[in-house]
Amino acid sequence: MYTINLYKNYLVVCVFSCISVLSAAQEKKYGKLTGSFESFMQAYKKQDDKIGFVAPEDRLRSNNYLKIDYSYKNFSVGVQAESYEQNALLGYPEIFKGTGVTNYYVGYTSKKLQVTLGHFYEQFGNGATLRCWEDRQIGINNALFGARILVKPVDWMTVKLVAGKKRNGFNMGDAMVYGTDVDMNIYKSKSITNPSNLLMGISYVNKQEDYTGALNNVPTSLHLMATRLTYNNNKLSLGTEIAFRTNDAVVNEMGNIAVANKKFMGNLIQVNASFSGKQSGLNLVLRQVNNYGLKSDRLAPLNQLLLNYVPALTKQHHYSLANIYVYNPQVRFGFLPGQLLNTAGEIGGKIEWYKNFAKKTKWGGKYGMQLNVSFAQYSGLDFTTNDINTTKVNSFKSNAINFRDFHVELKKNWSKNFKTSITYINLLYNQQIIEGFGSTDLKADITVIDGTYKFSNGSSIKADVQHMWVVNGKGNWAAATLEYATGKNFSFFIADLYHYQNSSGEVHYYNAGSAFTYKTLRVMASYGRQREGLICVGGVCRLVPASTGFNINTSISF
Amino acid sequence: MKKIVVTLCICVQIGVAFAQNNYAGVFLKNEQGRPISFDSIIAGNKPIIISFWATWCSPCINELDNINDVLEDWQKETDVNLFAVTIDDTRSQASAKGLAKGKGWDIPILFDENQDLKRALNVANIPHIFIFYKGKLQYQHTGYTEGAEKKLFQTLKKIIQG
């Protein structure tokens with residue numbers, strides 16, 4: 001611990017010295033400085049009885065991020081500072097508080113070698129064994145702080161070695177993480193018209209975390225191993241990834257260790273296939289996740305200190321009503337109060353088809369038409385009893401359905417200036433499994449009609465109307481959005497999500513605002529009412545409480 | 001801690017006037033899953049347009065639909081190469097290629113799997129477009145409204161003409 005702190009201090013001094021010295025002589029021959037600033041600010045209304053919202057004492061809150069990187073020949077340095085004042089936005093974890101430097105690094109890059117000391121991001125394969133990434137909307141930054149080496153000994157091979165501790169807010173987790181990944185293009189055909197490749201990868205991750213509690217036999221070392229193989233050519237891609245793990249303590253709904261050292265055989269097995277035609281694309285994924293959602297610190301809450309990345313492999317919808325019942329993947333043991341085992345992994349898949357009907361064809365008409373159809377279904381893995389101490393999880397055997405999603409979208413261009421789309425979604429949402437309460441059989445049907453018209457002066461108008469019928473849930477919704485873009489720097493929008501069949505009384509979640517864009521600067525200001533729910537990016541979700549207020553989001557890069 | 005923040009602010013103010021971008025060592029994956037260095041993509045004498053998008057970003061898809069319609073004409077006039085870099089992660093990556101084919105895009109797709117290039121180029125919101133010429137960044141813009149591709153083409157021609 002002392003060694004890491006000393007290392008940390010020396011690195012901070014080194015990075016700031018580099019930046020201060022080099023930025024004093026700002027001519028091209030002395031390197032390049034670049035960066036970005038992003039700010040999310042909310043000023044909450046004191047009270048909104050309609051949604052039972054009472055603002056906290058510090059009603060003005062903001063999340064701010066400043067990132068600066070400097071490179072000179074093969075060397076680079078960088079820092080990121082974050083500021084949460086007066087406090088972080090509602091719904092962000094307590095680890096985001098105050099102002100300070102959060103990430104810093106120095107790096108060396110050449111054609112065959114990269115070395116980074118400090119904070120870095122990394123992903124092994126699809127992220128099954130390790131992923132370090134940043135997502136500001138969800139409040140994730142689990143960059144590793146330590147050392148990263150990337151070597152390309154030959155053109156067709158990449159070897160990575162990493163070691164360090166994961167970032168957690170303004171601090172670090174306790175666990176040490178070590179990993180290695182080898183990525184190889186083991187076969188490449190010589191054909192120019194239809195090239196084909198065979199790619200293979202292996203990764204190994206080890207996590208070391210002490211345990212000083214009262215329980216016996218809590219493992220202090222976790223090993224993950226994964227292998228992946230992909231074949232592709234112009235028309236076809238087939239791939240598989242198989243990942244295994246050793247056992248670790250199981251944590252219950254109270255955040256305590258439920259079982260110290262039961263030998264659960266966790267695994268992740270995934271198969272992908274895609275087919276491409278000239279004007280169509282089809283992809284299929286099948287996956288089983290058995291106790292494979294991992295954190296670097298065994299007791300880390302919510303989305304903190306995620307070690308790997310196992311997202312929901314479901315269709316990502318962009319309409320507001322289609323983002324109310326969103327699947328949260330069941331990647332680890334889930335418990336109900338009383339340490340009753342409720343869910344133990346998942347098995348399922350998704351199939352999706354995109355088809356383009358070109359202009360001046362029978363189906364495409366004069367200006368073209370596009371069709372997208374998808375279907376996804378995930379069920380829980382079967383397990384023998386609700387008692388975590390004695391249960392057995394059966395691989396490749398499912399029990400109740402967690403989530404099902406059928407979707408079809410048809411987009412038609414009627415003229416050079418006018419296009420519409422119509423969408424239908426049918427959902428089955430096991431709220432009991434996904435949220436821990438409610439029906440096992442919540443059903444929703446959603447329809448959306450959407451149109452865009454472009455005027456001759458360069459401005460455009462976009463509108464959508466949505467409706468969701470809900471059975472075994474909290475009633476139906478309707479929604480509408482209207483957006484006008486001037487074609488220069490401004491756009492304006494007004495939107496409403498109307499929960500008209502809410503059993504506690506109908507509610508309008510209204511929102512209106514404007515955005516200004518100029519080169520790399522974007523400022524968006526809006527006022528409205530936010531519904532309680534999940535904001536999900538990838539398979540990671542953040543619970544957002546209901547709130548009403550004024551927002552300003554700013555971003556600029558330089 | 002206050003001293004650090006103050007130093008940071010000074011650095012930003014001095015540095016802003018001479019900013020370019022830092023992307024040494026960033027690799028993307030092509031549609032065959034093979035790593036390609038970003039430096040090799042923007043090297044050479046042709047103008048290169050890099051358009052950041054994702055399968056969940058409607059304005060990005062609109063922009064690429066509209067550019068795809070006029071790309072052949074652009075290439076006849078300017079010899080430009082356009083690459084659509086998707087920041088989709090594992091969740092939606094497989095959909096990206098299917099979507100591009102299903103829309104009939106004649107645009108090569110590159111995969112920024114862990115958003116390394118997005119971070120290196122300081123992309124905050126998408127869509128975000130860059131024009132590189134002779135290995136140097138010449139222009140960038142965030143956001144898209146219908147018809148903006150016309151202005152992008154005018155900017156491209158100005159850059160080539162010097």
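The model is predicted: local features need pLDDT of at least 70, side-chain atom pairs count only at pLDDT 80 or more, and totals for chains, interfaces and linings use all residues. Residues are numbered from 1 along each chain as its sequence is written, chains are lettered from A and ligands numbered from 1 in the order in which they are written, and side-chain values use heavy atoms, without hydrogens and water.

**Stop 1: chains A and B.** Select both chains. Here 83 residues of chain A are in contact with 59 residues of chain B (contact means heavy atoms within 4.5 Å). Together the two chains bury about 6,100 Å², with 53% of it on carbon and sulfur atoms. Buried area is the accessible area (1.4 Å probe) that two parts lose on being put together, summed over both. Between chain A and chain B there are 4 salt bridges (a side-chain nitrogen of Lys or Arg within 4 Å of a carboxyl oxygen of Asp or Glu). Show B:Lys29 and A:Asp183: they form a salt bridge, with the closest N and O atoms 3.7 Å apart.

**Stop 2: a helix pair in chain B.** Select residues 58-78 (α3) and 148-161 (α6) of chain B; their axes come within 11 Å and cross at roughly 20°. That makes α3(B) roughly parallel to α6(B), since angles under 35 degrees count as such. Axes are lines fitted to C-alpha atoms, for helices over the stretch in contact, and angles run from 0 to 180 degrees between N-to-C directions. Helices are DSSP runs (H or I, at least four residues), as are strands (E, at least two), numbered from the N terminus. Now show side chains. On α3(B), the contact residues include B:Ile67 and B:Trp74; on α6(B), they include B:Leu152 and B:Phe153.

Stop 3: Most residues other than glycine have a negative phi, and most peptide bonds are trans. Go to A:Glu85 and A:Gln86, joined by a cis peptide bond with omega about -5°. A:Gln86 sits in the loop between β5 (75-84) and β6 (98-109) of chain A. In chain B, another cis peptide bond joins B:Ile126 and B:Pro127, with omega about 5°. Then pick A:Asn472, where phi is positive, near 65°. A:Asn472 lies in the loop between β30 (460-471) and β31 (477-485) of chain A.

Stop 4: Finish at A:Glu506 and A:Lys50, whose side chains meet in a salt bridge (3.6 Å, N to O). This pair links distant parts of the chain, 456 residues apart.

Terms used. Angles under 35 degrees count as roughly parallel, over 145 as roughly antiparallel, 65 to 115 as roughly perpendicular and the rest as oblique.
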